[in-house]
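Welcome! Please take a look at it, then read on.

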Amino acid sequence: MKKIILVFILVGLGFSCSDSFFDLKPQGRASLEQLSNKNGVNALLIGAYSLLDGVGAGNTGRQSTISNYVFGGISSDDAVKGTDAGDQPEQSFIEQYNWLSDNTYFLGKWWHSYDGVARCNEVIQIANNPLVKDMTKEEITQVVAEARFLRAHYHFEAKKMWDKVPFIDEKIYVAADRNSTKIPNTEDIWPKIEADFQFAAENLPATQGQKGRATKWAAKTYLAKAYLFQKKWADAKTILEDVLKNSGKKLVANYHDNYRTTGNNNTESIFEVQFSVNDGTNGNNGNAGDNLNWPYSANAPGRGCCGFYQPSHNLVNAFKTENGLPMIGTAADGTLDTYNKVDLPNDQGIVASAAFTLDKTVPVDPRLDWTVGRRGVNFLDWGPMPGSTWIRSQEYAGPFTGKKWMYYLAEENSTTHSTSKRNVNNNYRLLKVSHVLLWLAECEVELNNLALAEGYVNQVRLRAKTGSVQDPTVTYVVEPYPAGTFAAKGADYARNAVRMEQRLEFAMEGHRFFDLVRWGIAEKVLNKYAAEEAVPGKEPSGRTFGKRGYMAGKVFAAKNKYFPIPQDEILNSQKDGNPTLIQNPGY
């Protein structure tokens with residue numbers, strides 16, 4: 001569904017020399033009467049959908065992009081801010097756990113979340129207005145179900161960011177009363193998020209005629225995700241099994257088909273955020289919130305600008321394998337993992353003009369080269385990545401670039417792009433069958449059904465093994481876990497294996513930080529990451545090189561599992577002289 005900018009212009013106003021001359025309606029906005037019909041309600045619903053990409057809520061888009069690359073990516077061990085030291089310092093503060101409540105990235109994300117909520121509430125209010133005469137009861141119910149699905153999504157985004165946030169429904173929200181939404185953030189809103197997803201699951205169709213609209217399977221999958229965040233394993237398992245068995249969705253054969261425009265809305269996808277180009281919006285609908293996250297070279301995808309969001313050495317090392325399996329230990333918090341002790345060969349500190357031959361003999365999972373661009377390895381159909389010429393500051397941010405949102409050179413002049421080559425209609429896959437499988441594996445570990453968990457993980461690993469590879473000269477070795485491995489090594493090993501699989505499968509997709517927090521291991525993992533990233537790396541050959549020295553001494557504290565509520569919002573929440581919002585502990 002393409003984003004539509006709704007502009008209503010009132011025309012035909014007559015004037016006369018009477019009291020009515022002074023009774024003027026607001027210009028440039030629709031009246032309740034104009035919206036209270038099928039077209040008006042659907043237009044408002046499209047407006048609520050239009051914020052899914054994170055763009056259009058009065059901020060830069062980077063602060064609220066659906067990829068969550070700042071909050072879910074560079075806040076974790078998956079990625080570094082990238083570019084150079086002086087660019088976007090507010091991102092640097094977030095990367096280094098220096099979180100202040102006046103950081104505009106937090107404010108922009110808050111604006112977006114609650115702008116989305118407000119749009120959903122307006123849909124529900126007007127759809128239920130008696131003035132709407134040209135819609136059946138069934139049509140109204142479906143519209144409300146879609147709006148409640150979206151409202152749950154926007155609240156979910158706020159909940160995982162700040163934990164203690166207010167839930168604003170259509171009974172609370174009064175557009176004409178700016179104080180109506182000034183309510184305390186002391187209530188746990190999970191039950192209300194669940195209720196919205198449950199209503200959507202019960203009232204949405206299994207399929208939609210228009211791509212991008214929510215279905216009952218999307219609502220059920222999202223409800224299961226909400227249960228996972230609360231550790232409601234049995235509840236999540238029941239729903240996920242239903243989705244896997246009855247939705248008709250399945251893994252696609254090739255992993256990378258989930259990350260290219262030709263794979264939009266494929267059989268693996270349960271819910272996608274639709275991106276579009278050449279639709280009259282100057283590219284703002286085509287991954288505009290991520291338009292800084294491209295290689296720095298005019299000879300690379302995106303054709304130059306800006307070098308943000310680069311994969312970390314830690315992430316790259318995580319793709320190394322031994323006997324086809326990840327290099328994990330028996331501690332569920334990852335403290336005994338061995339993958340990061342020696343670095344995968346790379347060109348850190350070697351300029352592009354210098355001779356370099358990548359040692360491709362170290363075995364890696366093939367998903368590495370669909371996720372990360374690295375020197376000497378084929379970059380889609382652009383040829384081997386040339387190295388530092390694609391990186392804005394290799395010394396500062398490392399030698400790697402992200403790859404999942406990149407495009408094929410052969411597709412550059414097709415309908416996949418707007419005038420800017422950084423605006424592409426490659427959808428963001430929010431919910432996939434691979435999520436369902438690995439969330440089921442997570443549930444089964446926690447319910448002590450280790451053999452079932454192993455089976456779900458192996459379905460994902462077998463797809464990685466048999467799917468296409470990016471560069472046939474690289475030593476790709478990935479295998480399923482031998483039958484009985486989880487049971488033999490115990491629940492801690494199995495839990496760590498499932499978590500590692502989620503990292504590998506969904507790397508650079510903006511989930512990692514929120515997963516670490518909900519698993520309760522963020523503090524240990526990220527402090528270990530900061531300490532290791534700050535010291536020189538070492539390759540198997542013995543060559544040493546600098547990594548991210550600026551991470552030296554950075555500490556992820558207990559308070560950092562949630563971000564600070566924007567100070568402006570606390571000030572704006574004042575009612576009767578007192579703020580209704582309370583800051584998170586430690587800020």
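Helix 16 (residues 491–505) packs with helix 17 (residues 512–519) at an angle of about 165 degrees, and their axes are 11 Å apart. Helix 16 is therefore roughly antiparallel to helix 17, a label for angles over 145 degrees, while those under 35 count as roughly parallel, 65 to 115 as roughly perpendicular and the rest as oblique. This is a predicted model, in which local features need pLDDT of at least 70 and side-chain atom pairs count only at pLDDT 80 or more, while totals for chains, interfaces and linings use all residues. Residues are numbered from 1 along each chain as its sequence is written, and side-chain values use heavy atoms, with hydrogens and water left out.

- Helices here are DSSP runs (H or I, at least four residues), numbered from the N terminus.
- Axes are lines fitted to C-alpha atoms, for helices over the stretch in contact, and angles run from 0 to 180 degrees between N-to-C directions.
- Arg-499, Gln-502 and Arg-503 of helix 16 meet Arg-512, Asp-515, Arg-518 and Trp-519 of helix 17, where contact means heavy atoms within 4.5 Å.
- By class, 5 charged residues, 1 polar and 1 nonpolar make up the contact of helix 16 with helix 17.

- Gly-520 follows helix 17 and has a positive phi, near 80 degrees.

**Helix 6 and helix 8**

- The axes of helix 6 (residues 137–162) and helix 8 (residues 216–229) come within 11 Å and cross at roughly 25 degrees, so helix 6 is roughly parallel to helix 8.
- Residues in this contact include Phe-149 and Phe-156 of helix 6 and Tyr-222 and Phe-229 of helix 8.
- The contact of helix 6 with helix 8 has 7 nonpolar residues, 3 charged and 1 polar.

**Cysteines**

- A disulfide (cysteine sulfur atoms within 2.5 Å) links Cys-305 and Cys-306, with the sulfur atoms 1.4 Å apart.
- Cys-306 is buried, at a relative accessible area of 10%.

Methods: Buried < 20%, exposed > 50% of the residue type's maximum accessible area, 1.4 Å probe, protein only. Helix = DSSP H or I, 4+ residues; strand = E, 2+ residues; numbered from the N terminus. Nonpolar A, V, L, I, M, F, W, Y, C, P; charged D, E, K, R; others polar.
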